[in-house]
Amino acid sequence: MIKVGFIINFKKNSWLGGYNYFINLFKCISLIKKNMIIPVIITDNSKNILNDKILRNFEIIETSLVNKKFILLRIIQKISLLIFNKNILLHNFLKKNGIKSLSHSEVLGKNSSIPSYPWFPDFQEIHLPENFTKKDKFFRKLNIKLASTHSTKIIVSTDSVQKDLKKISYEAFMKSCVIKHHALLPEKINFQNFLFLKKKYNIKKSFFLVPNHYWQHKNHLCILKAIKKLKSKKIDFEIISTGLFHDHRNPSHLISLKTYIKENKLEKYYKIIGIIPFIDMLSLMYHSLAVINPSKCEGLSNSVEQAKTLHKNVILSNIPVHKEQISKNFYYFEINDHNKLASLMYKHLKYKKLKKKQKIKEIRKNNIVKNLNFAKKYQKLIVENTTL
């Protein structure tokens with residue numbers, strides 16, 4: 001069995017998309033009957049991991065070597081890579097603990113005997129450079145440069161992200177491989193009763209679901225403008241918005257959204273309920289008119305994949321990755337075209353263009369097949385590049 005290390009040195013709610021990706025990958029690996037790899041969690045805070053019911057079942061190793069706040073230590077590791085072509089401190093730590101591969105995080109260096117596979121979810125900096133400081137852009141470019149030289153393979157989740165990588169670094173592109181993930185549903189899907197959800201979240205009307213954090217590139221303003229346009233049609237509906245109400249890069253962004261809601265009297269149409277239990281989010285998705293994702297830039301969106309798995313209607317921006325995720329229940333609009341978004345919402349409200357809900361057993365069966373293929377492709381990558 002090959003022990004594969006995954007560095008989880010962030011809080012769950014600070015990067016819910018990344019957290020869900022790792023949980024999904026771990027569960028998919030467990031679907032393989034002839035499993036040859038086993039995840040090991042490497043963290044700077046084992047207490048946080050042990051507090052999580054899902055993660056506590058894995059082997060957990062704690063070390064300050066992955067603490068993002070220890071800037072000097074991080075610099076030393078980068079210098080080690082540049083001078084010795086090996087992250088000596090991390091390499092020796094992994095070797096001591098029997099880790100045979102490091103995945104989805106650091107690079108260990110071309111002189112390391114332990115293969116490493118950094119993961120780049122997206123390259124937002126080339127599409128929305130205004131969202132990044134010069135310092136952020138420098139370090140993101142440096143990480144790609146180091147990955148092109150010192151990784152075994154670079155993992156990306158979509159063809160469109162791989163094309164972006166080619167624009168940044170041809171050397172990195174040549175090392176990259178596309179491994180598309182899918183949304184793995186719980187083994188026993190027991191959706192919450194709609195009446196229960198209505199009472200718990202004070203839902204009063206037919207609703208659309210927006211399951212996105214409030215980062216600036218997620219483009220919630222486009223939805224608010226669409227609501228403003230639809231107000232005149234006097235149709236009762238709500239937007240139920242989940243996710244973290246915080247943007248560490250631009251805190252003032254949230255103030256502007258709140259101001260827009262208040263000035264245009266959209267409170268009765270727009271409900272922010274924050275981060276909620278996963279089964280509640282899936283249940284809201286299942287009972288919604290449609291899922292909306294107006295994002296200006298994405299990797300492979302977990303929420304879009306979840307909606308696709310549930311055979312839900314999805315209204316989304318026509319960015320390359322969303323078009324790559326296309327399904328027959330998908331409806332597209334140009335980025336920032338709130339008029340088109342409003343039109344698509346209106347059609348769903350007026351004609352109730354809802355596909356008949358598929359049986360849960362059928363959903364689960366199709367879902368397992370897709371995720372098993374995802375896990376097998378990932379396992380093949382690890383096994384082919386690991387010396388036992």
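Are Lys380 and Glu384 buried or exposed? Both Lys380 and Glu384 are exposed, where exposed means over 50% relative accessible area, buried under 20% and partly exposed in between (1.4 Å probe, protein chains only). Welcome to a predicted model, in which local features need pLDDT of at least 70, side-chain atom pairs count only at pLDDT 80 or more, and totals for chains, interfaces and linings use all residues. Residues are numbered from 1 along each chain as its sequence is written, and side-chain values use heavy atoms, leaving out hydrogens and water.

**View 1. Lys380 and Glu384 form a salt bridge.** A salt bridge is a side-chain nitrogen of Lys or Arg within 4 Å of a carboxyl oxygen of Asp or Glu, and by this rule the count comes to 12 salt bridges. Here the closest N and O atoms are 4.0 Å apart. Both residues lie in helix H16 (residues 360-384), four residues apart, about one turn of the helix. Helices (H or I, at least four residues) and strands (E, at least two) are DSSP runs, numbered from the N terminus.

**View 2. Arg74 meets Glu106 in a salt bridge.** Their closest N and O atoms are 2.7 Å apart. This pair links distant parts of the chain, 32 residues apart: Arg74 sits in helix H3 (residues 71-84), and Glu106 in the loop between strand S4 (101-103) and strand S5 (116-117). Glu106 is buried, with a relative accessible area of 16%.

**View 3. Asp122, Glu125 and Arg140 are linked in a network of salt bridges.** Between Arg140 and Glu125, the N to O distance is 2.8 Å. Arg140 belongs to helix H6 (residues 134-150) and Glu125 to helix H5 (residues 124-127). Glu125 is buried, at 10% relative accessible area, while Arg140 is partly exposed, at 24%.
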